[in-house]
Amino acid sequence: MAVVSSKQFGGGWSDHKLDALRSYLNSYIIALSNSPFERVYIDAFAGAGIRDVVKNAEEGLFDEQFPEEDAGYRHGSPLIALGMEPAFHRFVFIEQDPESLGILREQVSDNFPDKLRLTSFMQGDANEVLQGLAEEQWRTRRAVAFLRSDCPSRGVETIEKIARTKAIDMWLLFPAMAVNRMLPRAGSSRRSGLKKLTETFGSDEWQAYFYKKQEADLFGEEFMSKQPKVFEKLSEFITMRLNTVFEGATNKPLILKNSSGAPLFLLCFASGNPKGAPIALRIANHIINKKNHGQ
């Protein structure tokens with residue numbers, strides 16, 4: 001479960017993603033509106049705030065391409081969070097591209113001038129910034145973090161540090177189609193090039209989860225065959241992995257599909273606070289179940 005890219009993307013599936021996030025943030029703020037905690041929103045691939053989805057094509061995990069599917073301008077996740085009422089007390093927007101971060105700052109200044117002083121614009125590698133934030137003192141704060149799984153070498157460590165704060169709820173966008181393409185249909189258990197998958201999942205347990213072993217050949221080499229219903233197995237595996245580090249994860253991720261109905265991403269949710277997790281999971285499960293059933 002690796003984290004994070006700052007590239008722009010959109011389309012029908014992206015609207016479903018943003019709708020789910022908007023619904024959760026609204027319920028989250030209402031639930032904490034009478035609490036003493038400082039409410040923080042963290043966006044780890046903030047982009048430029050508003051983007052023209054006609055001109056931007058998204059590059060996914062490991063150079064996979066997902067073209068835009070419809071036209072028009074959309075508010076990205078940062079401006080959705082800024083527009084919540086009751087409001088967050090602090091916003092942290094992380095973006096590697098300085099030009100995009102500059103545009104986002106202009107968007108905040110133009111649309112939410114009263115929130116500008118409450119907003120931190122952090123340029124750099126999202127994993128480094130997130131790990132630094134996770135090491136801060138979180139006793140008096142609670143946060144929602146929106147991440148993208150895109151950097152295998154450090155992503156698992158980032159997610160684990162976020163979970164250890166016991167104060168952050170996490171929405172994680174996982175590139176299911178790209179990972180599925182990396183999973184070989186069948187082959188030798190000694191097959192090279194699988195290290196990236198182990199880094200992505202944070203464990204080599206994926207081999208036993210997605211494959212069944214066949215009898216060894218005359219040379220003692222074992223072969224693997226891919227299990228059926230890969231996306232269903234992928235959802236189960238990611239949920240299981242998140243449950244090992246967070247207080248809990250939603251029963252199923254939200255499946256984000258392209259216009260032909262092929263799964264592109266899984267939008268996963270996990271909650272970090274022991275007291276807050278039960279209600280957070282009820283809210284997130286309700287949102288995901290509705291959207292997975294087309295509501």
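Buried means under 20% relative accessible area, exposed means over 50%, and partly exposed lies in between (1.4 Å probe, protein chains only). Keep that scale in mind for the close-ups of this predicted model, where local features need pLDDT of at least 70, side-chain atom pairs count only at pLDDT 80 or more, and totals for chains, interfaces and linings use all residues. Residues are numbered from 1 along each chain as its sequence is written, and side-chain values use heavy atoms, with hydrogens and water left out.

**View 1. Glu136 pairs with Arg141 in a salt bridge.** A salt bridge is a side-chain nitrogen of Lys or Arg within 4 Å of a carboxyl oxygen of Asp or Glu, and the structure holds five of them. Here the closest N and O atoms are 3.1 Å apart. Glu136 is partly exposed at 35% relative accessibility, whereas Arg141 is buried at 8%.

View 2. Asp19 has a relative accessible area of 29% and Arg22 has 34%, so each counts as partly exposed.

**View 3. Glu135, Glu157 and Lys161 form a network of salt bridges.** Glu157 and Lys161 meet at 3.7 Å, N to O. Sitting four residues apart in helix H5 (residues 152-164), these two are separated by about one helical turn. Glu157 is partly exposed at 36%, while Lys161 is buried at 15%.
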